[in-house]
Amino acid sequence: MNKVMILIALFFSIGIMAQDKLHVTGKITGIDNKTKLSISGGEKEKEFYLKDGVIDVEVDLKEAPASVSITVYYDNDIKYTYFFLGNESVTIDASIDDFPNEVVAKNSKYDGLRYENYVLTKDLEKKRNDINKVIEKEIKEGAKPDSIFIKYKAELETIRKEVAVRQYEFLKKHINTDYGRHLIRFYVDQFTEEQFKTLYSLVDPINMDRSEIRFLKALCDSKQLEVGDIYYDFTALDLKNKEVRFSDYYNGKYVLLDFSNVHCWFCGKAAPKTALIAEELKDKVMYVTYHTGDNLKEAEEYYELKGKKGNIIWNKEGYLHPAMAMYRNMMTPTYLLFNPEGKLVKEVNGANTDLKTIILEEIEK
């Protein structure tokens, strides 16, 4: 009897262990065995190649389910596709021409809903891409960018609003699924406070303690900051893993809150310049970089890029920390300048700006 119980236990343990990794098999036609591919979604990007035309790759997912990408370095170009997968065994049967959107992972518990969501707004995304191609063509032919963007602004805004309507209905239906919760942070600037509250009211009690739902609750309890609004206070960790509050950095100076990430190419490009700002304006401005990653190592790496200038804070929840929701952060780098009284005076998005001049103009007003 004991031997039987041991065999049963061993059987189940093997079954459980088999799902500790994502296992992807199948085919991608149109490429050969020499074509380099990579899969991302775990701790590190993993390179691999087809074997006799067949995919057979495993990857450890840090958290599952999660967004997973496969990149193909094809014919002097890069093609990619995204999935939403768990630690499971899935099959891909696609052509390189199906990239990026027409690829689905078969036998997945999760990816079917991701593909359903893609199909939901496929027609609108095509319209948007077509307009963007026209804009690009007209600019290349000599049209002024500002006038072209004004020309197509209304049409693009109509599309954006319709996408938001469809996505909101999708989320109402799927807020209690892993993929539905995964989508929340991508729409922080698309829905109203009332819509967020409606979504929150649809959450099953069993899901209330999930990080995505705590993020949603923060969206319900805050609004998009506007010039003149007081900052939102929050807790974070410094480079010594000590808990600090954002309000701790207010000491009679202006405060610059910089949302950046070491994996953001534009943030890396901006780092030497913002390091100079932190040093040269230190008598007037308290520079606080909020590293949006979820671990100390990456925050330390970005601090090195900044020449160890200014202050770095971070949180273990990464992009899903409530602070990211309160500040409606959707991109890096983003810079928010607050006056000594804590009121927002300026928001700057992107690295291609003369940030120092902008700050000095605001301070000297």
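The largest pocket holds about 1600 Å³ of space. This is a predicted model in which local features need pLDDT of at least 70 and side-chain atom pairs count only at pLDDT 80 or more, while totals for chains, interfaces and linings use all residues. Residues are numbered from 1 along each chain as its sequence is written, and side-chain values use heavy atoms, without hydrogens and water.

A pocket is an open set of points on a 1 Å grid over the protein atoms alone, where a 1.4 Å probe fits, with protein on both sides within 12 Å along at least five of seven lines; lining residues have an atom within 4 Å of a point. Points are joined across faces, edges and corners, and a volume is the space filled by probe spheres set on them.

Of the 39 residues that line the largest pocket, Lys62, Glu63, Arg185, Asp294 and Tyr319 lie nearest its centre. Two or more lining residues come from each of strand 5 (66-74), helix 5 (178-183), helix 7 (211-220) and helix 9 (296-305); helices (H or I, at least four residues) and strands (E, at least two) are DSSP runs numbered from the N terminus.

The second largest pocket contains about 1000 Å³ of space. Its lining comprises 32 residues, with Tyr82, Asn101, Arg114, Tyr118 and Glu125 closest to the centre. Helix 3 contributes the most to this lining, with 7 residues. Because domain 1 (22-108) and domain 2 (113-218) both give residues to the lining, the second largest pocket lies between them; the domain bounds come from an automatic or database domain assignment.
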